[in-house]
Amino acid sequence: MRTVEKACAKLNLGLDTPYRHKDGKIEWNMIMTSIELSDYVEIVTEKGNGISVHCNRVFLPQDHRNLAYQAAFLLKKKFGIQQKVDIHIRKNIPVAAGMGGGSSDAAAVIRGLNRLWNLHMTDQEMATFGLQLDSDVPYCVYSQTAMVTGKGDNIELMPKLPKMYFVLVKPKVSVSTPEILNKIDYDKLEHVNVNELAEAVETQDYDQIVSHMGNVLEPLSSKHHSEIKKIKEKFEKYGADSAQMSGTGPTVFGICRTESQAKHIFNSIRGFCSEVYIVRPV
């Protein structure tokens, strides 16, 4: 049996972390949205055993270190499935970019195998299952604008965003998410008011969305990767309505009301960076 799942990249319009749990896990308060930039995950099941992962990016791990592999392994174990699983990932989302590419691939595997194996898991059950892989996987199961709280497992779906465009810039650096999260000093964080952003999304108010965006981790990642700040300054120079880092970085995105505005910024920035994209929310 065979299926193909679309695995959308995500952006953090708002990202805050109120505290760290005693088990070391982060408490999140985020507004996330999914965008057109996507990987495509083909899943083939057949008689036999074992799991294989193939990807068009040869430098990505294609064994147990890959979240897509782990998703298939844990599902097989949970439901006692004795079948071979072949996973083919066509990677378009930049790697280690703060856009949830690996998590979205894992979520795609969960959705695809849920259907192929007739597991009858609800979206909520798939999201809860995905939390053991990574805190972004539960959101990526849904892949639509949502408020995400708790350890990443509380997903409150929100209305589709008003018409807008994002220009994404991924500098040639990679950010280690665990490394950044381990360096959080909660006494020094300048928290983001995610609730005001949520209200703006609910009322479809573009100007209020722009004014209430924020990422509490941006100063921390920028301290270790100066490219983040430089790219953000270019967005401001070329006329983005707002710009900020997604996730733990290093991708920075500018938000624009019109396509012409986005194209102007795209053309102005791509001379400085090779990985630049114009996308819309899905």
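Mentor: Helix H9 (residues 226-238) and helix H10 (residues 259-269) have axes that come within 10 Å and cross at roughly 130°, where axes are lines fitted to C-alpha atoms, over the stretch in contact for helices, and angles run from 0 to 180 degrees between N-to-C directions. H9 and H10 are therefore oblique to each other, a label for what remains once angles under 35 degrees are called roughly parallel, over 145 roughly antiparallel and 65 to 115 roughly perpendicular. The model is a predicted one, in which local features need pLDDT of at least 70 and side-chain atom pairs count only at pLDDT 80 or more, while totals for chains, interfaces and linings use all residues. Residues are numbered from 1 along each chain as its sequence is written, and side-chain values use heavy atoms, with hydrogens and water left out. Helices (H or I, at least four residues) and strands (E, at least two) are DSSP runs, numbered from the N terminus.

H9 passes H10 in a right-handed crossing, meaning that the near helix is turned clockwise from the far one by less than a right angle, anticlockwise being left-handed. On the H9 side Lys234, Phe235 and Tyr238 meet His264, Ile265, Ser268 and Ile269 of H10, contact being heavy atoms within 4.5 Å. By class this contact has four nonpolar, two polar and one charged residues; Ala, Val, Leu, Ile, Met, Phe, Trp, Tyr, Cys and Pro count as nonpolar, Asp, Glu, Lys and Arg as charged, and the others, Gly among them, as polar.

H2 and helix H3 (residues 123-130) pack at an angle of about 130°, with axes 10 Å apart, and are therefore oblique to each other. Their crossing is right-handed, and Ile110, Arg111 and Asn114 of H2 meet Met126, Phe129 and Gly130 of H3, a contact that divides into three nonpolar, two polar and one charged residues. The loop between H2 and H3 holds His120, whose phi is near 60°, a positive value in a residue other than glycine.

H2 also packs on H1, at an angle of about 30° with the axes 7 Å apart, which makes H1 roughly parallel to H2. The crossing of H1 and H2 is right-handed. From H1, Leu67, Ala68, Ala71, Ala72 and Leu75 meet Gly102, Ser103, Asp105, Ala106, Val109, Ile110 and Leu113 of H2, and by class the contact has nine nonpolar, two polar and one charged residues.

H1 (67-79) and H2 (101-116) each supply at least two residues to the lining of the largest pocket, as do strand S1 (2-16), strand S2 (28-46) and helix H5 (177-182).
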